[in-house]
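Q: I would like to learn how to read aromatic contacts in a model. Could we work through one case?

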Amino acid sequence: MLSQRIPEIDYLKCVFILLMVAFHLVYIGDSYPYAKQIVYTFHMPGFLLISGYLAQSMKDRRKGLRKVLWIFIPYACVETGYAIASYLLPVRQRMTELTPDVLLDTLLLHPIGPYWYLHTLMLCFILYHLACQCIRTDIWARTVVFGLALFALHCCGIIHFANGLYFLAGSFLHWSGVNFKQFFQPSWIAVVPLVLLCLYPANLDRGCLGGVAITYFCFCLLLWSYRYVPSRIIRLSGFIGRNTLPILLFSPVFTLLSRWYLPLFSFDFTGICFLLVSVPLAVGGSLGIAWVMDRLHLSPYFFGKAESVQTLKDRTI
């Protein structure tokens, strides 16, 4: 069981969440579509792989159910809000109707917006728990059963098989006792195959072998870069990496609001100035909302804990 945080993993999570926020800015995604394709190939698969690796065996059934519950409650709140906003506002992924049946289908089966990740994560946690309960010793049999369950959900249109496989891969690494930093060998040489793979659009699919290789080499390259990042940046990345959930939950509010002040940056055709303002605003604003909820003692009812914003003093996974 992992009892100490792995700072390199917090660093990876920080990079992935910042990339998520950056390319959820419509203007940035439209301005750099190929870069967006590359990022979408590895950043959320990276999150799922890390989530699988950090998942505990959850021998205590009540603890496992509680974990899923406190993902579902904030997910249900923000997904419902996102669905309503998608119905009322002129957004790309707009809902054409908002009935109880449609809302329930969106919430339980076919989420919209960035919250599909939490939906997938909950299902993976449930299958993980069941697999660990049913098959306690044979990790190969457990892996096969887990994979078949994921494929069944994929056939039902509830989950994308490729997304579930990344969680399963992380779980398998944990079950095998493989050291995370030994499997993902930190090396600058990873940039060579990474660039070569990204040159071919056919590889920009998380479900193909090229996409898997891109994800692997991104991990290796980022873990290498960790050694050379200044300590202050490492501390900041550790803080952000510990608090990716509030950022995931609340950043769409700020990426949506960014459309209102986008004209102020019309002088910069690259969009870099807009990016440098919008990403910190979305991250800081999201953590600010979570901090206010902590101060108002709302977090126990929303996150299932008194303090939703984790500090650098927290050493547990």
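Q: Is W175 buried or exposed?
A: Buried means under 20% relative accessible area, exposed over 50%, and partly exposed in between (1.4 Å probe, protein chains only). W175 has 14% relative accessibility, so W175 counts as buried. This is a predicted model, where local features need pLDDT of at least 70, side-chain atom pairs count only at pLDDT 80 or more, and totals for chains, interfaces and linings use all residues. Residues are numbered from 1 along each chain as its sequence is written, and side-chain values use heavy atoms, with hydrogens and water left out.

Q: How many aromatic pairs does a search of the whole structure find?
A: Rings of Phe, Tyr and Trp (its six-membered ring) pair if their centres lie within 6.5 Å; planes under 30 degrees apart count as stacked, over 60 as edge-to-face and the rest as tilted. The search finds 32 pairs. In one of them, Y128 and F146, the ring centres are 6.5 Å apart and the planes stand at 75 degrees, so this pair is edge-to-face.

Q: Which helices does that pair link?
A: Helices are DSSP runs (H or I, at least four residues), numbered from the N terminus. Y128 belongs to helix 6 (residues 116-134) and F146 to helix 7 (residues 139-155), 18 residues apart. F146 is buried, at 1% relative accessibility.

Q: What are the ring geometry and the angle for F146 and W175?
A: Their centres are 6.4 Å apart and their planes at 45 degrees, so the pair is tilted.

Q: Which charged end sits over the ring of W175?
A: The criterion is NZ of Lys or CZ of Arg within 6 Å of the ring centre and within 35 degrees of the ring normal. Here the charged end of R142 is 4.8 Å from the centre of the W175 ring.

Conventions: Helices (H or I, at least four residues) and strands (E, at least two) are DSSP runs, numbered from the N terminus.
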